[in-house]
Amino acid sequence: MGHSSDMSDFQTQARAAEQAMRAIFPATPLQRSALLSERFDAEIYLKREDLSPVRSYKIRGAFNAMRKQLEQSLFVCASAGNHAQGVAYMCRELGKRGVIFMPVTTPQQKIQKTRMFGGDSVEIHLVGDYFDDTLAAAQKWCADEGGHFLSPFDDDDVIEGQSSIAVEIEAQLGAAPDHVILPVGGGGMSSGVARWFGDRVHCLFAEPSGGACLRAALAAGHPVALDHVDTFVDGAAVGRVGARPFEVLKQVPLPDVLSIAEDRICTTILEMLNVEGVVLEPAGALAIEALRDVRSWIRGKTVVCLTSGGNFDFERLPEVKERAQRYMGLKKYFLLRLPQRPGALKEFLGILGPEDDIARFEYMKKSARNFGSVLIGIETKRPENFADLYARLDAAGFAYTDITSDETLAQFVI
């Protein structure tokens, strides 16, 4: 994690950043979760970055980078949402002009909130389907116009600003925790927090499976671009880890980097919403969901999970519920060959169990064939009910194909 003099310099700067922030917003809460502490037999705290003024930690990096460039009048950034909101908020606060580039695919809720935070101080350009295209467009525009480019993660001042989270955690706990679980996108926040704690704390890094750029970089020995990025976890869907963050994180052992499937993250979003009343975006739920993968390491320890953001667009809730049910094995889709004779449908309905509920039913009747195809979606209360249902279908001679996990088919029909 660097030499001790570098370390103490970094810690001094991080403390100064954290102190300066208090003029803009209070420290975010560190809350013990009774639910998670009991479940994992550990002392588990949530660092609630979803409760910052822009509902994510990104305000910290934007603030710190901008306070060091106060002679600048024009700030430019590229962001899928949260960094944009942090920059917009600070532009308005500091009376600076901000030009923000966002991917065309950014959720509408994040675009509206960026406008709200920035007011007349910012303008928004929607460019590119993927973040890397957006980034290139923003950097070119910034170079042409002579502005100061605010990287979302690959910037020393931004990293230093994000490390203020660690300063607060230690002050609020009164000690360093045993483990900290950090969501990773481009690596700015995770490298800042890891650098602050150094060897005193075991840092674990959680990435979405569809954007595991830190794992890819560690395997290659340098940052590499992923061939494909799943944008579902939009706050952490980055195709290439930042060069500066990687300098800090390059010694991280591979087992400390946890890849979490997108559907799994949905189960945590739903539980936190329904049980705890906490609204988390997919990236904000990453660290909590990662607890399941390190259960044996954390028993009896003090663990801090960083809930990085709460900018959740509720129009996405049906998709989140759908993905969670599929992950838990409570919802399946299959294609059923139904004999084209009177009573065949009634016979099929009689096979369903008492807890099986039809969620989707589309019958494609073919006039000259003996069989018709049915796309059917079934929800149930317990995963084992499907084994019983399939056994009854087999016994009755029905032909069916489970397409729940067939990504190509699912994209078209589900």
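1. A word on terms before the helices: axes are lines fitted to C-alpha atoms, for helices over the stretch in contact, with angles running from 0 to 180 degrees between N-to-C directions. Helices (H or I, at least four residues) are DSSP runs, numbered from the N terminus. The model is a predicted one, where local features need pLDDT of at least 70, side-chain atom pairs count only at pLDDT 80 or more, and totals for chains, interfaces and linings use all residues. Residues are numbered from 1 along each chain as its sequence is written, and side-chain values use heavy atoms, leaving out hydrogens and water.

2. Have a look at helix α8 (residues 164–173) and helix α9 (residues 188–197), whose axes come within 7 Å and cross at roughly 45°. On the α8 side, the contact (heavy atoms within 4.5 Å) is made by Ile-165, Ala-166, Val-167, Ile-169 and Glu-170, and on the α9 side by Met-189, Val-193, Trp-196 and Phe-197.

3. Val-193 also deserves a glance for its place in the largest nonpolar core, which has 45 residues. Such a core is a set of buried (under 20% relative accessible area, 1.4 Å probe, protein chains only) Ala, Val, Leu, Ile, Met, Phe, Trp, Tyr and Cys residues joined through side-chain atoms within 4.5 Å. Val-193 and Phe-197 are among the residues with the most contacts inside this core.

4. Lastly, helix α3 (residues 58–67) is mostly covered, with 9 of its 10 residues buried. Among them are Lys-58, Arg-60 and Phe-63.

Methods
Helix = DSSP H or I, 4+ residues; strand = E, 2+ residues; numbered from the N terminus. Buried < 20%, exposed > 50% of the residue type's maximum accessible area, 1.4 Å probe, protein only.
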